[in-house]
Structures are given as C-alpha cells and as structure tokens.
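Colleague: I have a new model on my screen and would like to learn how to read it. Can we go feature by feature?

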Amino acid sequence: MATLLALRTSEMIAAGDGLGKVESVPVVEVPMSQIHDWETFHDTFAQTLGFPDFYGRNMDAWIDCLTYADEDDGMRRITVGSGELFTLQLADCREFRTRCPEIYQVLIDCAAFVNWRRIEQGARSILALSYQ
C-alpha cells in the first residue's frame, strides 16, 4: 500500500492565552480508509509518520513515538519546531469511526494522553487531531 504524505504548514496564533504563540502547525494527512483492524492501524501510522523499524506496534509505542515530536529523536520522519503543534489530519474519519469504533476511541484517548504526559512534564501540548 502506498501512502501519500501530505505535509502542510499553516500559521496559527494563540489568542493572548499567556502561554506564548503557536508559530505554525505542521499537518500530516493520515489515510484512515486503509485501517480495518489493529494491524492495518499500526501499518498505516508507521508508514505515514515514518516510525522506526523497531516500532512496537502497540499503543504504548505509538504514544512514545509522538510524545516528543519536537525532538529529533529518530522516532518519526517529521519533527516539529518548538512551539508548534503536530496535526494529524484523519482523512475519511467518519467511515473509519463507523468501521472501527474501538480503534477510533483508543486513538482519541492516546492522543490526549500524549498531551497530558507533556503537560505533566511541564511542556506544552503537541498533538492535535483534525477530522476530515
């Protein structure tokens, strides 16, 4: 399966929240139509985001690959800059949610956990999900 990596950057400014300005938002389109079970979930994310060969193919490993997306640690092909959000544009998300409701909910919970983990460490949230 060939995966198209669509990376865009749009400007986004935090409205006086006292936390500083969000400089830009790298957006990666994830083809959710390719996901039918846990195996294809991990295949799709590993290929689209460029997870390392040793990626554990479980949600703990998924969280580890995305928690430090602002560090060039070799855990993904894309690294965002300090103050940037990393947005996963979930293409064909409505059909995915209907087809794989458990995986859909776990994805949302784990994305939230990535941000919670960073906040607990004194860092800013880094991961955003966008539904298409």
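This is a predicted model: local features need pLDDT of at least 70, side-chain atom pairs count only at pLDDT 80 or more; totals for chains, interfaces and linings use all residues.

Modeller: Gladly. The chain has four helices and four strands.

Colleague: In what pattern do they follow each other along the sequence?

Modeller: The pattern reads β-β-α-α-β-α-α-β.

Colleague: How much of the chain is buried?

Modeller: Buried means under 20% relative accessible area. Of the 132 residues in the chain, 43% are buried. The chain exposes about 7,100 Å². Carbon and sulfur atoms supply 52% of that area.

Colleague: Let me pick a helix. Is H2 enclosed or open to the outside?

Modeller: Count its buried residues. Seven of the nine residues of H2 are buried, so the helix is largely enclosed by the rest of the structure. The buried ones are Met59, Ala61, Trp62, Ile63, Cys65, Leu66 and Thr67.

Colleague: Which elements do they pack against?

Modeller: The buried residues of H2 pack against H1, strand S3 (86-91), H4 and strand S4 (127-131). Look at the N-terminal end of H2 too. Asn58 caps it, with a side-chain oxygen 3.0 Å from the backbone nitrogen of Asp60.

Colleague: Thr67 is on your buried list. What does the side chain of Thr67 contact?

Modeller: The side chains of Thr67 and Arg117 are joined by a polar contact of 3.0 Å. Thr67 belongs to helix H2 (residues 59-67), and its relative accessibility is 0%. Leaving out residues up to four places away in sequence, Thr67 touches Val114, Arg117, Arg118 and Ile126.

Colleague: Now the aromatics. How do I describe a pair of rings?

Modeller: A pair of aromatic rings is described by the distance of the centres and the angle of the planes. Centres must lie within 6.5 Å for a pair. By this rule there are seven aromatic pairs. In one of them, Trp38 and Phe41, the ring centres are 5.5 Å apart and the planes stand at 70°, so the pair is edge-to-face.

Colleague: Which residues form a cluster of rings?

Modeller: Trp38, Phe41, Phe45 and Trp62 form one aromatic cluster. Phe45 lies in helix H1 (residues 38-49) and is buried, with a relative accessible area of 0%.

Colleague: Where does a charge sit over a ring?

Modeller: Go to Tyr104. The charged end of Arg97 sits over its ring, 5.9 Å from the centre.

Colleague: What should I look for in the backbone?

Modeller: Most residues other than glycine have a negative phi. Arg57 has a positive phi, near 55°. Arg57 is in the loop between H1 and H2 and is partly exposed at 36%. Asp92 also has a positive phi, near 60°. The place of Asp92 is the loop between S3 and helix H3 (93-99), and its relative accessibility of 38% makes it partly exposed.

Colleague: One last check. How many disulfides are there?

Modeller: A disulfide needs two cysteine sulfur atoms within 2.5 Å. A search of the whole structure finds zero. As for individual cysteines, Cys93 is buried at 4%, and Cys100 is buried at 5%.

Conventions: Residues are numbered from 1 along each chain as its sequence is written. Side-chain values use heavy atoms; hydrogens and water are left out. Helices (H or I, at least four residues) and strands (E, at least two) are DSSP runs, numbered from the N terminus. Buried means under 20% relative accessible area, exposed over 50%, partly exposed in between (1.4 Å probe, protein chains only). Accessible areas come from the Shrake-Rupley method with a 1.4 Å probe; for residues, only the protein chains shown count as cover. A polar contact is a pair of N or O atoms within 3.5 Å; within protein, one must be able to donate a hydrogen and the other to accept it, and residues adjacent in sequence count only if both atoms are side-chain atoms. Contact means heavy atoms within 4.5 Å. Rings of Phe, Tyr and Trp (its six-membered ring) pair if their centres lie within 6.5 Å; planes under 30 degrees apart count as stacked, over 60 as edge-to-face and the rest as tilted. A charge sits over a ring if NZ of Lys or CZ of Arg is within 6 Å of the ring centre and within 35 degrees of the ring normal.
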